[in-house]
Amino acid sequence: MSSKKPSPAAGHESVLRRKIQSKKFNAGVIGLGYVGLPLAIAFARAGVHVTGFDVDKEKVEKIKRGVSYIGDVPSESVRDLVRKKRLIATTHFDDLKKMDTINICVPTPLRKSRDPDISYIVSAVREIEQRSRPGQLVILESTTYPGTTDEVLAPALVRKGRTIGRDAFVAFSPERVDPGNPKYKIENTPKVVGGMTPACTDLAAAFYRIAIQQVVTVSNPTVAEMVKLLENTYRAINIGMANEMAQLCHKLKVNVWEVIDAAATKPFGFTPFYPGPGLGGHCIPIDPLYLAWRVKLFNVTAKLIELASDINSGMPDFVIERTTEMLNVRKKSINGARIVILGATYKRDVADVRESPAVEIIEKLGHLGADLAVCDPNVPSVAAGGRTIPTTPISADLLRRADIAILLTDHSAFDYGMIVASAPLVFDTRNAVIRALGRVPTNVVRL
Ligand SMILES: NC(=O)c1ccc[n+]([C@@H]2O[C@H](COP(=O)([O-])OP(=O)(O)OC[C@H]3O[C@@H](n4cnc5c(N)ncnc54)[C@H](O)[C@@H]3O)[C@@H](O)[C@H]2O)c1
């Protein structure tokens, strides 16, 4: 009988596989925001020891105290896992050395020029590179342009003398978390994974299976990066079409919501998308531009992306134009009008104003001289036009004194009956009133 020793390559892979299968390993998550914190919690809940790394001392201190700052993560979960020492938060990146797996969940915004800003990924990768040791699995989760894992993450490990697929394992797995979604959480949303080699894909898939019900593997990280961009581009373009339809229907004096609802009764070949005051959040307005930027390097214009982006980014102006028309009918101008903004976050029931169209609308109405009150039970204030505007509690009295209330975010905490009974005029950009009351009162105008 030959007693062949496993090759060093198989060695690192099989050692890590055993650790993952037995859940006896240290999992590191870099970036404890909307994506990283729920991920860290899901693995800690599944029985893994998780260390969360963040540059934000305040967030780290909150985790240590068992306080959550993310709507979908209850503080009790954080407290419980911190008490059981399954979840640790730190700003000390030296502990990355001890990690067997590392997930990168840092922001990927746009620069002022609307080009990708991957500086947060670059700095997280630098931290990993400095502490890299053989046998680690590194997975990038931040949404980014196709090729980032290949061109930014893997070379950093190779510079440290690692061979990908032998003593370092690298994959991309897009995050699909939908903040505020009561049905789909991290555990029951299928996870797409693409590794640099088959061993990388296998290990990353085994890792995710610990906490996530379904893992879908693809042939490499670039495919996985592209999957995320396809998903979000699909949404951005279809919302762009719905927004264009809203503008066309207004000209034709047809109600767009009625049209979409009737079209949606077709049982095949039609998926409804709805208009609104503009795109918001960290993903839909931004991610397609990562793809458009990337293909510019090949002298290709992503025509649909650019067109949808133009239409979507014109929606705040459309809302202001419609408001102006409505006030004009009542012999009022925006200048001096008392306007109550209902909802400032980018979508219902979240506390996130990033890229929210409400910010642009508030800023522009302010410049036009409107006397504004902003009501949003989910945020204490909104930064718009270089000012921080504190939110005002919604009340029948405030609405009665207004010339118009513009509903920009359809929070479920709003009392729609009270709103329509009090405000003389409501501009409903979300079709929320009919969903809440089953009717459209005469003082309500829909987008
Ligand atoms: N928010 C979403 O709904 C969502 C959904 C899917 C994908 N994504 C993507 O996930 C990524 C993260 O988004 P998010 O919403 O969680 O962002 P976020 O701003 O909520 O959190 C990012 C965290 O990373 C930290 N950070 C920044 N640089 C760091 C560094 N060098 N080292 C350690 N920590 C660092 C920040 O302090 C912050 O706590 C982005 O690429 C985003 O596009 C977000």
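## Burial and overall form

In this predicted model, 45% of the 447 residues of the protein count as buried. A residue is buried if 20 or more other C-beta atoms lie within 10 Å of its own, exposed if 12 or fewer, and partly exposed in between, with C-beta atoms placed from the backbone. Because the model is predicted, local features need pLDDT of at least 70 and side-chain atom pairs count only at pLDDT 80 or more, while totals for chains, interfaces and linings use all residues. Residues are numbered from 1 along each chain as its sequence is written.

The secondary structure comes to 16 helices and 15 strands. Helices (H or I, at least four residues) and strands (E, at least two) are DSSP runs, numbered from the N terminus. The radius of gyration of the protein is 25 Å, close to the 22 Å that the globule rule gives for 447 residues, so the protein is as compact as a globular protein of that length. The radius is taken over C-alpha atoms, and the globule rule is 2.2 Å times the number of residues to the power 0.38. Along the principal axes, the C-alpha atoms fill a box of roughly 95 × 50 × 40 Å.

Of the contacts in the protein with a separation of 6 or more, 67% are accounted for by residues 24 or more positions apart. A contact means that the C-beta atoms of two residues, placed from the backbone, lie within 7 Å.

## Two domains

The protein is divided into domain 1 (8-219) and domain 2 (235-446), with bounds that come from an automatic or database domain assignment. Their centres, taken over C-alpha atoms, are separated by 35 Å. The contact takes 13 residues from domain 1 and 14 residues from domain 2. On the side of domain 1 that touches domain 2, the residues divide into six nonpolar, five polar and two charged. Here Ala, Val, Leu, Ile, Met, Phe, Trp, Tyr, Cys and Pro count as nonpolar, Asp, Glu, Lys and Arg as charged, and the others, Gly among them, as polar.

Eight strands form an open sheet in the order 3-2-1-4-5-6-7-8, with mixed pairing. Strand 3 (87-90) and strand 8 (215-218) stand at the edges with a single partner strand each, so one side of each is left without a neighbour in the sheet. Neighbouring strands of this sheet are turned by 25° against each other on average, direction ignored. Two strands pair if DSSP finds at least two bridges between them.

Strand 2 (residues 49-53) runs parallel to strand 3 and is joined to it by four bridges. In that pairing, G52 has A89 of strand 3 as its bridge partner.

A second open sheet has five strands in the order 10-9-13-14-15, with parallel pairing. Strand 10 (371-375) and strand 15 (444-446) are at its edges, each with a single partner strand, so one side of each has no neighbour in the sheet. The twist averages 20° from one strand to the next.

Strand 13 (residues 404-407) is covered on both faces: I404 and I406 on one side, and A405 and L407 on the other, are all buried. Strand 13 pairs with strand 9 (residues 338-342) over four parallel bridges, with I339 opposite I404. Three parallel bridges link strand 13 to strand 14 (residues 426-428), where L407 stands opposite D428. Strand 14 and strand 15 also pair in the parallel sense, over three bridges, and V426 stands opposite V444.

Helix 12 (residues 315-329) packs on the sheet, touching strand 13, strand 14 and strand 15, and its direction makes about 155° with that of strand 13. Helix 13 packs on the sheet against strand 9 and strand 10, with its direction at about 160° to that of strand 10. Axes are lines fitted to C-alpha atoms, for helices over the stretch in contact, and angles run from 0 to 180 degrees between N-to-C directions.

## Individual residues

V359 is found in helix 13 (residues 357-367) and counts as buried, with 23 C-beta neighbours inside 10 Å. Leaving out residues up to four places away in sequence, V359 touches V353, V382 and A384.

Most residues other than glycine have a negative phi. K23, although not a glycine, has a positive phi of about 60°. K23 lies in the loop between helix 1 (8-21) and strand 1 (26-30) and is partly exposed, with 14 other C-beta atoms within 10 Å. D349 also has a positive phi of about 60° without being a glycine. D349 sits in the loop between strand 9 and helix 13 and is partly exposed, with 18 other C-beta atoms within 10 Å.
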